[in-house]
Amino acid sequence: AGDLKIYLLIILSSTSLYIRWISFSTVSLKLSLCCRQNRRRILRGIKFMHNENEKRNIAVSQKGNAIQLAALNIHQLFPSRTKDECLVELKKNPPLYRTYLNWPDKWKSNFLEFMEGKKSLPLTYDPFFKKLFNPDIYPERLSRLISSIIGTNVTVKCILSNEDSMLPSTSLLLLDIIVQLEDGSIANVEIQKIPYTFPGERMSCYSADLLLRQYTRVKGEKGSTFIYQYLKTVYTIVMFENSPKECKDPELSDIYLHHGKAAFDTGSDFHLLQEYYVVALDVFQKSKYSKDINELNAWLSLLTATTLDDLAALISDYPWMETICMDMSEYLYHPEEVVTMFSEALRKLDENTVNYMIDELKKERDEAIAALSEKDVALSEKDAALSEKDAALAERDATVCEMSAEIAILKAQLAKRNK
């Protein structure tokens with residue numbers, strides 16, 4: 001019995017020690033966990049403070065530092081290469097190199113400056129614009145560009161064909177794209193290198209063409225159920241690289257976006273369907289408002305960018321533009337596509353140059369004919385005046401003859417008297 005008691009006491013003591021050990025281990029584990037949590041909190045606090053300091057440092061840093069960082073990113077996107085390196089790569093594809101050799105010197109230079117990582121692609125030209133703004137690949141870009149111009153959020157549904165237009169291309173159009181918006185509206189976006197002689201009249205004709213095309217399409221779809229309320233607004237958006245004199249009025253020296261539509265002097269709103277937007281890209285580049293940070297300025301800055309510094313400044317002000325610059329830089333590794341785009345732009349420019357020259361010759365001819373008509377009228381007036389003078393002279397001669405005859409008679413009578 002005594003041994004049993006001793007045995008039980010030993011067991012109870014061991015159990016007590018075990019329980020105490022467990023309690024101690026639990027407390028130690030809790031302390032360890034608390035320490036770890038505290039350490040994590042401390043580390044998070046240090047990291048937070050570090051991040052806040054970084055943000056604060058960035059916020060108070062000069063904009064030049066941000067531009068330098070953007071410039072660094074740009075030069076990473078557009079690595080520098082020599083002219084010889086670019087030509088060696090081009091010569092690996094003989095047909096491509098022959099195409100390059102047939103270009104004018106200016107176009108060769110533009111191509112090489114892009115391939116060497118010095119210049120941007122000329123996005124105001126049709127092939128380049130459609131590559132980077134293709135709504136099938138980048139559905140939001142063209143939508144955002146048009147939205148920023150017209151001041152209303154729109155979504156581009158598809159690109160429409162220009163083939164059924166009744167109006168031919170007759171001047172230096174760099175870009176001409178017609179799109180249907182999600183609500184059924186139609187927008188015509190074009191970029192002109194130089195202004196037309198009659199920009200207002202021409203815009204009216206293009207807007208009327210857009211409206212008639214929409215009418216034909218919608219009436220064909222709706223058939224006998226067609227009503228005019230099915231028709232939506234048509235937007236004519238014209239961008240000028242070299243804007244007409246109407247955009248260069250001294251009072252409009254800093255205004256680069258012009259909006260127009262027909263209105264009634266009484267203020268009555270009959271919901272007319274034609275609206276016009278003119279964007280003067282050359283005025284934008286010089287305008288004091290071009291430095292304002294907004295979406296319209298972002299897109300116009302992209303379209304007018306020519307150097308890598310321009311792109312660096314663009315990314316500095318609008319970081320979301322870096323994606324487009326990245327897509328542009330991808331073509332450095334696909335020279336065959338760049339050659340194709342340059343060739344297409346040059347072909348279209350040549351065609352439009354011929355059309356423009358024909359227009360100019362017609363204009364000169366019409367002016368010459370008008371000048372000749374004015375001269376003919378002047379000569380006719382002179383002939384009439386000369387005829388009147390001749391008639392007056394003839395009358396005077398007749399009078400002189402009559403007077404001479406009378407004088408002769410009088411002289412004869414006087415002679416008889418003197419005898």
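The following legends describe close-up views of a predicted model. In this predicted model, local features need pLDDT of at least 70 and side-chain atom pairs count only at pLDDT 80 or more, whereas totals for chains, interfaces and linings use all residues. Residues are numbered from 1 along each chain as its sequence is written, and side-chain values use heavy atoms, with hydrogens and water left out.

**View 1. Overall chain and confidence of the prediction.** The chain contains 13 helices and six strands (DSSP runs numbered from the N terminus, with helices being H or I of at least four residues and strands E of at least two). Of its 419 residues, 33% are buried (buried means under 20% relative accessible area, exposed over 50% and partly exposed in between, with a 1.4 Å probe and protein chains only). Among contacts in the chain with a separation of 6 or more, 68% join residues 24 or more positions apart (contact means heavy atoms within 4.5 Å). The mean pLDDT of the chain is 78, and 74% of the residues reach 70 or more (pLDDT is the predictor's confidence in each residue, from 0 to 100). Over residues 17-63 the pLDDT is below 50, and this stretch has two contacts in the model beyond near neighbours in sequence. Where pLDDT is low, the predicted coordinates should not be read in detail.

**View 2. The largest nonpolar core.** This core comprises 76 residues, of which F111, I146 and M239 touch the most other members (a nonpolar core is a set of buried Ala, Val, Leu, Ile, Met, Phe, Trp, Tyr and Cys residues joined through side-chain atoms within 4.5 Å). Helix α13 (residues 335-418) gives the most to this core, with seven residues. Apart from neighbours within four places in sequence, I146 is in contact with V154, V156, V179, A187, V189 and I237.

**View 3. The largest pocket.** The volume of the largest pocket is about 540 Å³ (a pocket is an open set of points on a 1 Å grid over the protein atoms alone, where a 1.4 Å probe fits, with protein on both sides within 12 Å along at least five of seven lines; lining residues have an atom within 4 Å of a point). Its lining consists of 23 residues, and P122, T124, Y125, E241 and T306 lie nearest the centre. Helix α5 supplies the largest share of the lining, five residues; α5 (105-115), α9 (281-286), α10 (295-304) and α13 each supply at least two.

**View 4. W299 and its surroundings.** W299 is found in helix α10 and is buried, with a relative accessible area of 1%. Not counting residues up to four places away in sequence, W299 touches F133, R141, R144, L145, S148, W320, M321 and I324. The C-alpha atoms of W299 and I149 are separated by 9.4 Å, although these residues are 150 residues apart along the chain.

**View 5. S329 in helix α12.** S329 belongs to helix α12 (residues 322-329) and counts as buried because its relative accessible area is 4%. Leaving aside neighbours within four places in sequence, S329 is in contact with L77 and F78.

View 6. H271 lies in the loop between β5 (257-261) and β6 (274-280). Although not a glycine, H271 has a positive phi of about 50 degrees; its relative accessibility is 55%, so H271 counts as exposed. K286, in helix α9, is exposed, with a relative accessible area of 73%.

Note on methods
Points joined across faces, edges and corners; volume = space filled by probe spheres on them.
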